[in-house]
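Please open the model in your viewer and keep the selection tool at hand.

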Amino acid sequence: MDDLDLKLIKLTQDGIDLVPDPFGEIALELAIPEAEVIDRIEALVESGVIRRFGASIGHRALGIVANAMCVWNVPDDRVEEVGAVMAGFGEVSHCYERVRYPEWDYNLYAMIHARTKEECGHTAHDISRATGISDYMLLFSEKEFKKTGVRI
Amino acid sequence: MTMTQELELGDTDRQLINLIQLDFPLDLHPFRTIGDQIGISEQEVIDHLKRLTDIGIIRRIGPILNTKGIGGSSTLIAVRVPEDAIDSVASWINGFDEVSHNYLRPGAYNIWFTVSASSKERLHEMISEIKAFGYPFLELPVTRLFKIGVKFEV
């Protein structure tokens with residue numbers, strides 16, 4: 001990634017303009033041909049700097065207003081298998097294993113999104129039945145203090 | 001969601017939302033390309049996307065960055081904060097540009113935030129600052145990744 005790539009990311013990370021020729025203005029700003037703007041974005045996707053180029057959805061506006069971080073205490077030797085099952089649920093948007101501590105036993109995290117808290121609870125219950133893991137907590141977000149994408 | 005909001009989404013809106021999360025065309029006239037794919041004009045695509053942006057369904061169209069891909073380091077931190085200090089601690093945390101998400105959640109550890117720092121060093125620096133703040137906290141870096149949300153089907 002060079003300086004031009006960095007500038008390109010900074011110019012686009014808040015969203016491209018909704019105009020017929022959205023990359024034209026960026027090309028002008030960077031003083032490179034428009035085709036190069038596109039080539040550079042493609043290269044950044046290829047190299048993994050950009051995870052994807054596309055629309056970010058405000059799921060709250062879509063009515064998916066209940067979001068729960070569901071934390072699970074999964075035996076270490078079952079994490080691989082259980083994580084794969086959780087990831088298979090459509091309501092689970094993110095699923096990670098994280099470090100655990102003596103005062104915090106939970107090691108698997110599944111972000112569950114639904115229209116209601118009740119639906120989140122049903123999904124967690126279904127996951128519990130599918131995996132046999134019964135030590136879990138649903139931590140709903142009671143307040144959103146901040147939400148932005150990853151920025152540079 | 002209320003029913004009225006739900007009814008605001010037509011078939012074209014749904015098609016657009018499902019299409020442009022993953023397959024946004026990288027070409028000179030992306031909205032024309034999208035229009036060709038679903039059988040509407042370039043201007044209609046733009047009009048629909050403008051409306052979806054206005055009502056908050058589309059936040060932006062752009063690059064979704066990969067913290068590791070840009071050489072950065074990320075983690076999740078849970079802080080245990082007394083009730084009456086929640087708002088002030090949360091806004092202090094929000095003051096870091098590197099904080100991408102910050103939520104109040106129930107339980108002893110009540111403020112949960114994600115950090116996406118430009119480097120490991122910067123992350124360590126932030127963690128020391130958080131430590132200096134004096135509230136008990138858990139630092140919870142990812143050890144294995146099973147799923148990272150890419151698309152909302154509507």
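This is a predicted model: local features need pLDDT of at least 70, side-chain atom pairs count only at pLDDT 80 or more; totals for chains, interfaces and linings use all residues.

Select helix H2 (residues 22-30) of chain A together with helix H3 (residues 34-46) of chain A, whose axes lie 8 Å apart and which pack at an angle of about 100°. Because angles of 65 to 115 degrees count as roughly perpendicular, H2(A) and H3(A) are described as roughly perpendicular to each other. To see where they touch, show the side chains of Phe23(A), Gly24(A), Ile26(A), Ala27(A) and Leu30(A) on H2(A), which meet Glu34(A), Val37(A) and Ile38(A) on H3(A). Sorted by class, this contact comprises six nonpolar residues, one polar and one charged.

Next, move to chain B and select helix H2 (residues 11-22) with helix H4 (residues 42-54), which pack at an angle of about 85° with axes 10 Å apart; H2(B) and H4(B) are therefore roughly perpendicular to each other. Here Thr12(B), Asp13(B), Leu16(B) and Ile17(B) of H2(B) meet Val45(B), His48(B), Leu49(B) and Leu52(B) of H4(B), a contact with five nonpolar, two polar and one charged residues.

Stay on H2(B) and colour Leu16(B), Ile17(B), Ile20(B) and Gln21(B), which are buried. Looking down the axis of H2(B), you will find these buried residues within an arc of 115°, so they line one face of the helix. They pack against strand S1 (50-57) of chain A as well as helix H3 (30-38), H4 and strand S1 (58-65) of chain B. Finally, turn to the face of H2(B) that points away from its buried side, where Asp11(B), Arg14(B) and Leu22(B) are exposed.

How values were computed: Residues are numbered from 1 along each chain as its sequence is written. Chains are lettered from A and ligands numbered from 1 in the order in which they are written. Axes are lines fitted to C-alpha atoms, for helices over the stretch in contact, and angles run from 0 to 180 degrees between N-to-C directions. Helices (H or I, at least four residues) and strands (E, at least two) are DSSP runs, numbered from the N terminus. Angles under 35 degrees count as roughly parallel, over 145 as roughly antiparallel, 65 to 115 as roughly perpendicular and the rest as oblique. Two residues are in contact if their C-beta atoms, placed from the backbone, lie within 7 Å. Ala, Val, Leu, Ile, Met, Phe, Trp, Tyr, Cys and Pro count as nonpolar, Asp, Glu, Lys and Arg as charged, and the others, Gly among them, as polar. A residue is buried if 20 or more other C-beta atoms lie within 10 Å of its own, exposed if 12 or fewer, and partly exposed in between; C-beta atoms are placed from the backbone. The arc is that of the directions from the helix axis to the C-beta atoms.
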